[in-house]
Amino acid sequence: MKKSFEIKKNILKYILIFILVIFVALRLLIITAKIPKQAISKNMKESVGFFKEHIGIDEIQKRREYTSIHYYADSILLNIIYCIDSDNPVESVMWAKYYETAKADINRDFITVVENDNNPNQQYMRYWHGNMVILRPLFVFFNIEQIYLINKIVMWGLAIILLIILLKKCKILALAYITAMIMIAFPIVPMCLEYIWTFYIMIISSIIAILIEKKGNSNLFILFFINGMLTCYFDFLTTEIITLFVPVIFVIYIRKKEERLNDFKEGFLLLVKISILWGIAYSGMWFAKWILSSIILKTDITQYVKDNVMLRINGLQGLDSYKELYSEVIFKNWHTLYPINIVKRTSDLIIGVTFFIITILICFDWKNINKKWIVAILLIISAMPYIRYLILANHSYRHAFFTFRSQIITIICIVLIFAECLNYKILFKEVKLKKIWKKSN
């Protein structure tokens, strides 16, 4: 009876949190939408000058996806921000309209709409576009170049704070974090407004999760529930899963290291509970946007949403078959990681990876592998980006130049697995033998 009461109490708590977050999220959008266009006009015009100088820079060149700075989606964001109707803020934020020409050159469309003050003719209602609650007030005081600079300072500051916390907690976690940040080209992230939001949520959630995890699971569960809602609210469907799995990895590994998590069952249940709460919050926020849009705009958006969902899942978009899509999507995202992306031929890549795997397997501590329960959990988490790529195959194939960054999860897991499983005696013995061999020759 008592247990049943506690369950009902917890469900009610999360429902209230969900309603409160939606209320605040929608209210903030409406408040910022009331900022008149005249207040942001000057900085928008200055931003047009920046985009005129950088037209074409967003073209993704072959084998340069890792370092590409692209402003395509940033142009859409600014276009929507500029086209917000402050006289009808509620409907305007629901529609999220912007101006587009028949040529569909979104960079030039942003320039055109600001210079000519055209009326918007397209909508982007499937997203919340929560980034406007931050960006629209910023445009009152700053242009796009200044906002990029502010963004770099803030994001690098937060990334360094997380690194310091990880160094204090567990040095191998700090090593895994640095390795992953290098391989996914973190320095590029603050320079594109499109996908910075998941990294902000990931880093801030990781900091908070590490600081509160000793207080028990209750606050941790609430954190990830709100985390899931905010991910949907701010994100542009880029690397959404990093906000869940990166902080979870840190929490589970720290608890294991400090012997507060002692077996696979306990660790796996924690992972499952957090993932379910995050998933409910994330998907619930999507449905809330669509339902609110239908009610406020008095229109049925079911078919519009269905068409876009199906396109993201299995639209071919230039590929000949679904078999090609599902085989290529994994390779394309994987091959964008550094230093994998500098290998020119597929055969060289396969040979190099095979040699690397064989060398590592020789050095694994196979005698004690059954005691390494944490490895099984890390392997499960490491597969999540690839499951995401297969589910959203079309989206992940077309946008591999930023979806590849979801593999920050996989890289962190792999480094931690090596730290757990390598037989250092064998490894150092091999290194020593190599030194003796070199001296004798």
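Modeller: Start with Glu 213, which, once neighbours within four places in sequence are set aside, is in contact with Lys 169, Leu 220, Val 251, Ile 254, Arg 255, Glu 258 and Arg 260 (contact here means heavy atoms within 4.5 Å). Bear in mind that this is a predicted model, where local features need pLDDT of at least 70, side-chain atom pairs count only at pLDDT 80 or more, and totals for chains, interfaces and linings use all residues. Residues are numbered from 1 along each chain as its sequence is written, and side-chain values use heavy atoms, with hydrogens and water left out.

Glu 213 sits in the loop between H9 and H10; helices are DSSP runs of H or I with at least four residues, numbered from the N terminus. With 1% relative accessibility, Glu 213 counts as buried. Buried means under 20% relative accessible area, exposed means over 50%, and partly exposed is in between, using a 1.4 Å probe and protein chains only.

Leu 237, in the loop between helix H10 (217–234) and helix H11 (242–257), has a positive phi of about 55° despite not being a glycine. Leu 237 is buried too, at 10% relative accessibility. Ala 185, also not a glycine, has a positive phi of about 60°. Ala 185 belongs to the loop between H8 and H9 and is buried, with a relative accessible area of 2%.

Rings of Phe, Tyr and Trp (its six-membered ring) pair if their centres lie within 6.5 Å, and planes under 30 degrees apart are stacked, over 60 edge-to-face and the rest tilted. Trp 156 and Phe 186 make an edge-to-face pair, 5.1 Å centre to centre with 75° between the planes. This pair links distant parts of the chain, 30 residues apart: Trp 156 is in helix H7 (residues 144–169), while Phe 186 is in the loop between helix H8 (171–183) and helix H9 (196–212). Trp 156 is partly exposed, with a relative accessible area of 36%, whereas Phe 186 is buried at 3%. Tyr 233 and Phe 234 are edge-to-face as well, at 5.1 Å centre to centre and 85° between the planes, and both Tyr 233 and Phe 234 are buried. There is also an aromatic cluster made of Tyr 98, Tyr 124, Tyr 127, Phe 236, Trp 278, Tyr 282, Trp 286, Phe 287 and Trp 290.

Methods
Helices (H or I, at least four residues) and strands (E, at least two) are DSSP runs, numbered from the N terminus.
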